[in-house]
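Here are some notes for a colleague who is meeting this structure for the first time. Please read them with the model open alongside.

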Amino acid sequence: MNYKHPVALSAPDTPAERAHRPRWQWLVWALTGLVAAAGLWWAFPPRQVNVELATVTLGPFEQSIEEDGQLRLKQRYLVAAPVAGHLQRPDLKVGDTVQAQQTVAWLAPMVSPMIDPRQQTVLHQRVGRDQASQEAASARVQQLQTALDQARLQTQRTTQLAQQNFMAQAALDQAQLSERAAEQALQAGLAERLAARFSLAESEAALRQSVTPPAPGSRPADKGLLAITSPVNGQVLQVHQSSAGPVAAGQALLTLGDLRDLEAVIDVLSADARHIPVGASVSLSLNAQDAPLQGRVRHIEPIAFTKMSALGIEEQRVNVLVDLLPTPAPMAPGPGDGFRVDARIVTARTEQALRVPTAALVRDGSQWRVWLFDQGRARARQVVLQDRNAEHAWIETGPLQAGDSVVLYPAPLREGQRIQRRSP
């Protein structure tokens, strides 16, 4: 059999024994705890937070509305055909410069329609008829001329007999009236002969056109063309018909305009349009490289229209018309009709305002605060805003002065926390 030897167990310390233990042991434990805490503090000290800083400034503050729009001509001239005709192929292209009263298009008379053999036979018969009418009119004129000569002889004989008292005065009057009637009949005959001549010329012209039609692509004599001139100095903006062909009266041929006389059309929300004063300054940017164009608000249209936004929301918008101010140097290439622009309309401006960047603002309930850089530590300061825009906030009241440094895009900070400027 296996036997286990008994193990002697020591009894725990009694309160009396602990009371008689030496006090220097407690001092050792306390010093050990202090050394451990100092080691932890040395190993993990509170680090400084790197932040971006900006300076509180005193300067102009602007409230503005930023929208996009487009440039357009103030005056656009549409050149149209005054009458129906055959347009000659134009030589002008889009962008060509024209001067006032310069010929920009030529119109030729309309070509007669094609004639079939039946109509050609009818025209031949018409020419023969008109020739016969002219011959009859010529014979009639000769007959009337003979009657007039006879009337004149009769008047002469009657006059002589009346002077010798062999003929009554009534017979003389009758002879004179007959002579006058013969003269009038002769004039009518001459007119009929002239009308017959014109009718014959018309029939011959129609027959000539049917016998010798114009060759394809042939151009009529220049003396038969109608010149259409430009009403203004400018450029060709659009060619509505670039080839030769028939045109109707009033049909558009060219669009002309002076690109030195442009305006901008900016559509803004109807709620914002009420805050835009006439004469407000406007900055128009074509791109990021060129200097922006400057302008003034000339007119705000009194009627709104519905426009779908990029998010699919219906908006009521109003057109704002802007006059461009003269530029010191022409742009190369210059702006044109329909060019897109980014507009910044200044609705209010203050010359002396205490400004901080909007990126430094932190919402504190219903108030605002900023973090001030004070000798390497963060200090929270409550501020009251007068107004703000996309770049700056106008401080109405608050413990800030021009030249103070504030934290931009502040992360969660504690009052008095050590901070330092972030290296660029």
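1. Please keep in mind throughout that the model is predicted.

2. Helix H3 itself covers residues 117–163, a run of 47 residues, and from its first C-alpha to its last it reaches 69 Å, which is close to the 69 Å expected at 1.5 Å a residue. Several positions along H3 are buried, among them Leu-123, Val-127, Asp-130, Val-141, Leu-148, Thr-155 and Ala-162.

3. Taken as a whole, the protein chain has five helices and 22 strands, and 29% of its 424 residues count as buried. Its accessible surface comes to about 28300 Å², with 54% of that belonging to carbon and sulfur atoms. When contacts between residues at least 6 apart in sequence are considered, 76% of them join residues at least 24 apart.

4. Gln-101, although it is not a glycine, has a positive phi of about 70 degrees, and its place is in the loop between strand E5 (97–98) and strand E6 (103–108). With a relative accessibility of 59%, Gln-101 counts as exposed.

5. Tyr-409 is likewise not a glycine and has a positive phi, here of about 50 degrees; this residue sits in the loop between strand E21 (405–408) and strand E22 (419–421). Why does Tyr-409 count as exposed? Tyr-409 does so because its relative accessibility is 62%, and exposed means over 50%.

Terms used
Residues are numbered from 1 along each chain as its sequence is written. This is a predicted model: local features need pLDDT of at least 70, side-chain atom pairs count only at pLDDT 80 or more; totals for chains, interfaces and linings use all residues. Side-chain values use heavy atoms; hydrogens and water are left out. Helices (H or I, at least four residues) and strands (E, at least two) are DSSP runs, numbered from the N terminus. The expected span of a helix is 1.5 Å times one less than its number of residues. Buried means under 20% relative accessible area, exposed over 50%, partly exposed in between (1.4 Å probe, protein chains only). Contact means heavy atoms within 4.5 Å. Accessible areas come from the Shrake-Rupley method with a 1.4 Å probe; for residues, only the protein chains shown count as cover.
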